[in-house]
Amino acid sequence: MKRLLTLLAALALTGLMGATALAGTTLTYANFPPAKTFPCIQMEHWKAEVEKRTNGAVSVQTFPGSTLLGAKNMLRGVQTGQADIGCISTAYYPGVFPLMSVINLPVAFSSTEVASLTMWDMFTKYQPKEFADVKVLTMFTSAPSQIMSKTPVKSLDDLKGLELRASGSILKILGSLGAQGVGMPMSQTPEALQKGVVKGLVSSFDVLKDFNFAELCRFETITNLPVYPFAVIMNKAKWESLPADVKKVLEDLGREQSQWTGQYLDNHIKDSLAWSKEKYQVEVFELTEAEAGTIKTLAAPLTDAWKGDAAKAGLDADAILADMLALKKKYEAEIGQ
Ligand code: DTR
């Protein structure tokens, strides 16, 4: 009897310890832009879902605005465990993500939801080696990129010599259009605009409202340049330490979170532009069809350059590109453009 009691007590204790250990699981999640920008809005949504779906067994402590890790040390910081989870814009790491940078090519995505789901499916299909030492929790993109500037860009001629902040493939497109692309993460852009180091930027229209860029950049030109890819990554050892049921909750959220973020941003772009027109009377210019055609022609070599880089990394570039275009088409038919 005494033995049985001891056994029961031991079992109760282990159970209790297990529950306590689980209840105490807190995951730190770092992000580089300010709290009200879309990468952080999606982070808070994910946190709420994880806490709800694990019945509070896991809590997530979020660090927006580069308070734990910044745009450029995010990848390393997550690999080394300074943060458990981090959000990276892959365009800030040239050459590091040869496969997933296919999403940053000039293939005319017009919906963030389509681009985000395409990216997620590409990731799950190819499981690229470039992410082998982290656990990928979700992926999404920004919306198609547009010019926001202090001086009007009514035609491509107005771009000559204009200093515009950008990143990734867009920098190269700007160069071939005669503009002066200046590469930097979004988190450094407010200061660069304030100081006049750049006269505008190329990114998605959400930033007009979320960074109040509409105040300085009163002129917007629709160019529909590439989307920027993002990945939410987790420290591999931390991932391995999680119980199976928690892993399942996080894995089940991957695609859903990608779609949620795409939908959020597609709606928010409209809201941000309407707000900017109302508050700062920003002017929006559309290029002529001929000029849009010029951008397309000038951007085309980027795809060949990407293929070269992908082949060097041992990837089947043609198959990857064809798969991405097929997924884009499939989602455009399902969701709309
Ligand atoms: N990686 C991006 C895309 C972007 C669009 N909106 C935001 C808001 C906050 C951070 C990044 C972004 C870029 O650098 O333009």
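In helix α2, the residues Phe38, Pro39, Cys40, Gln42, Met43, Trp46, Glu49 and Val50 are buried, where buried means under 20% relative accessible area, exposed over 50% and partly exposed in between, with a 1.4 Å probe and protein chains only. The model is predicted, so local features need pLDDT of at least 70 and side-chain atom pairs count only at pLDDT 80 or more, while totals for chains, interfaces and linings use all residues. Residues are numbered from 1 along each chain as its sequence is written, and side-chain values use heavy atoms, with hydrogens and water left out.

Helices (H or I, at least four residues) and strands (E, at least two) are DSSP runs, numbered from the N terminus. Helix α2 covers residues 38-53, which makes 16 residues. The expected span of a helix is 1.5 Å times one less than its number of residues. For α2 that gives 22 Å, and the C-alpha atoms at its ends are 22 Å apart, which agrees. After α2 comes Asn55, with a positive phi near 50°.

The sheet comes next. It is an open sheet of five strands in the order β2-β1-β3-β10-β4, and its pairing is mixed. Two strands pair if DSSP finds at least two bridges between them. Strands β2 (58-63) and β4 (134-141) stand at the edges; each has a single partner strand, so one side of each is left without a neighbour in the sheet. From one strand to the next the twist averages 20°. Axes are lines fitted to C-alpha atoms, for helices over the stretch in contact, and angles run from 0 to 180 degrees between N-to-C directions.

The pairings can be followed along the sheet. β1 and β2 run in the parallel sense and share six bridges; Thr28 stands opposite Gln61 in β2. β1 also pairs with β3 in the parallel sense, over two bridges, and here Tyr29 stands opposite Ile85 in β3. Strand β3 (residues 85-89) pairs with strand β10 (residues 229-235) in the antiparallel sense over five bridges. Within β10, Val232 is the bridge partner of Cys87, and Ile233 stands opposite Gly86.

How much of β3 is buried? Five of its five residues are. In a regular strand the side chains alternate between the two faces of the sheet. In β3 both faces are covered: Ile85, Cys87 and Ser89 are buried on one side, and Gly86 and Ile88 are buried on the other. β1 is mostly covered too, with five of its six residues buried.

Which helices lie against these strands? α2 lies across β1 (25-30), β2, β3, β4 and β10, and runs at about 165° to β2. α10 packs on the sheet as well, touching β2, β4 and β10, and its direction makes about 20° with that of β4. Contact means heavy atoms within 4.5 Å.

The two helices also pack on each other. Two packed helices are described by the angle between their axes and the distance between the axes. For α2 and helix α10 (residues 244-280), the angle is about 145° and the axes are 10 Å apart. Their crossing is right-handed: a crossing is left-handed if the near helix is turned anticlockwise from the far one by less than a right angle, and right-handed if clockwise. From α2 the contact takes in Phe38, Ile41, Gln42, His45, Trp46, Glu49, Val50 and Arg53. From α10 it takes in Val249, Leu250, Leu253, Glu256, Gln257, Trp260, Thr261, Tyr264 and Leu265. An α-helix has 3.6 residues a turn, so residues three or four places apart point the same way. The residues of this contact divide into ten nonpolar, four polar and three charged. Ala, Val, Leu, Ile, Met, Phe, Trp, Tyr, Cys and Pro count as nonpolar, Asp, Glu, Lys and Arg as charged, and the others, Gly among them, as polar.

Also in α10 is Ser276. Is Ser276 buried or exposed? At 0% relative accessibility, Ser276 counts as buried. Apart from its neighbours within four places in sequence, Ser276 is in contact with Leu208, Ala214, Gln281 and Val282.

Lys125, in helix α4, is exposed, with a relative accessible area of 55%. Between Lys125 and Leu250 there are 18 Å in space, C-alpha to C-alpha, and the two are 125 residues apart in sequence. In the loop between α4 and β4 lies Gln127, which has a positive phi near 40° and is not a glycine. Ala108 lies in the loop between β3 and α4 (112-126); its phi is also positive, about 60°, although Ala108 is not a glycine.
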